[in-house]
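This briefing goes through the overall build of one protein chain and then through a few of its side-chain contacts. Keep the structure in view while reading.

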Amino acid sequence: MIDINLFIKKTTQQIEDTLNALIPEQDVPHRQLFEAARYSLIGGGKRLRPLLTLATTETFGIDNRIALNAACAIEMIHTYSLIHDDLPCMDDDDFRRGKPSLHKAYSEGHAVLAGDYLLTFAFEVIAQDPHLEADQKVALVGLLAKNSGAHGMIGGQVMDIEAEGKQIDVRILQQIHRHKTGAMITASLKFGGIIAGANQGQLEALQLFGEDLGLAFQIIDDVLDVTASEKKHGKAIASDEINNKMTYVTLLGLEPARRAAFELLHSGKEHLRKLNCNSLLLENLADRLVKREI
Ligand code: GRG
């Protein structure tokens, strides 16, 4: 019997401890760089992406301590993307994770550089990981660069900027979100597969599951953008509308958007059958993400 609450609690603590150890406070002339990175990185966020990596290694029966550094590297990339996304030249958000955005608490320069640091350090963490084999490191670095790069998250962000203020259809919106949000969620799952030595068929199943889950997660994020209170969500209500962005809710309406997310959750879980192992932990985690209220 899998206790999902216990898994999330125990694993989130491991993630927090590892992030703290990887980026400690440092008594150096540029100590503010580390303070700024820690401001955004430590003790905030749902840790969804590293949780997905570690739920995948656990699904394959691998001791998750082997995957902790790599899982935290994904969280560093994710956090950098949030820091840069909040900048005045992007979404211009004053709050993130329930507190002032990094550029508000420090400066725009610090926010750009702390984001750059988290981005580059993530790759250093993987390259220097004592638990992983050389071929695993090469596979992880390649996957993370690809999925966070031009044909993944950054490409999605560019499409998103270019779609601002324009009338787009659901197909284009899906394309944006498969890149911007989905690629990092897929990478998180495949990280777990690569570390656990999954075969090609299993990696393909994780890819397909990740694509559906990523889109479902984004749809729910759009729903919450409209429904959640600022206090609970840590950012302004309906910020997408303020930013003149088309969302699943504006295109489909609240209830159809929610239904679409649940359909994706269902089809995503179907792909997990091809893992040929007990996937209940991943299924339960996916349920949590799509049925969440914050
Ligand atoms: C600026 C290079 C660059 C990329 C930005 C991912 C991204 C691309 C921007 C983040 C803004 C955003 C709302 C993206 C949609 C994906 C999403 C729902 C992000 C928030 O992820 P959560 O909910 O956040 O996992 P926490 O704080 O819980 O980690």
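In this predicted model, residues 24 or more positions apart account for 73% of the contacts in the chain with a separation of 6 or more. The chain holds 15 helices and two strands.

**Overall build**
- A compact globule of 294 residues would have a radius of gyration near 19 Å, and the 18 Å of the chain agrees with this.
- Along the principal axes, the C-alpha atoms fill a box of roughly 50 × 45 × 35 Å.
- Of the 294 residues, 54% count as buried.

**Surface and charge**
- The chain has an accessible surface of about 13,400 Å², and carbon and sulfur atoms make up 54% of that surface.
- There are 31 positive and 40 negative charges, and their mean positions are 4 Å apart.

**Helix α15**
- Buried residues of helix α15 (residues 280-290) include Leu281, Leu285 and Leu289.
- The buried residues of α15 pack against α1, α3, α9, α10 and α14.

**Aromatic pairs**
- The chain has three aromatic pairs.
- Tyrosine 39 and tyrosine 106 form an edge-to-face pair, with 5.7 Å from centre to centre and 70° between the planes.
- Tyrosine 39 is in helix α2 and tyrosine 106 is in the loop between α5 and α6, so this pair ties together parts 67 residues apart in sequence.
- Tyrosine 106 is partly exposed, at a relative accessible area of 25%.
- The ring centres of tyrosine 117 and phenylalanine 121 are 5.5 Å apart and the planes are at 25°, so this pair is stacked.
- Both tyrosine 117 and phenylalanine 121 are in helix α6, four residues apart, and both are buried.
- Ring pairs join Phe34, Tyr117 and Phe121 in a cluster.

Key. Residues are numbered from 1 along each chain as its sequence is written. This is a predicted model: local features need pLDDT of at least 70, side-chain atom pairs count only at pLDDT 80 or more; totals for chains, interfaces and linings use all residues. Side-chain values use heavy atoms; hydrogens and water are left out. The radius of gyration is taken over C-alpha atoms; the globule rule is 2.2 Å times the number of residues to the power 0.38. Buried means under 20% relative accessible area, exposed over 50%, partly exposed in between (1.4 Å probe, protein chains only). Contact means heavy atoms within 4.5 Å. Accessible areas come from the Shrake-Rupley method with a 1.4 Å probe; for residues, only the protein chains shown count as cover. Lys and Arg count as positive and Asp and Glu as negative; His and the chain ends are not counted. The place of a charge is taken as NZ of Lys, CZ of Arg, CG of Asp or CD of Glu. Rings of Phe, Tyr and Trp (its six-membered ring) pair if their centres lie within 6.5 Å; planes under 30 degrees apart count as stacked, over 60 as edge-to-face and the rest as tilted.
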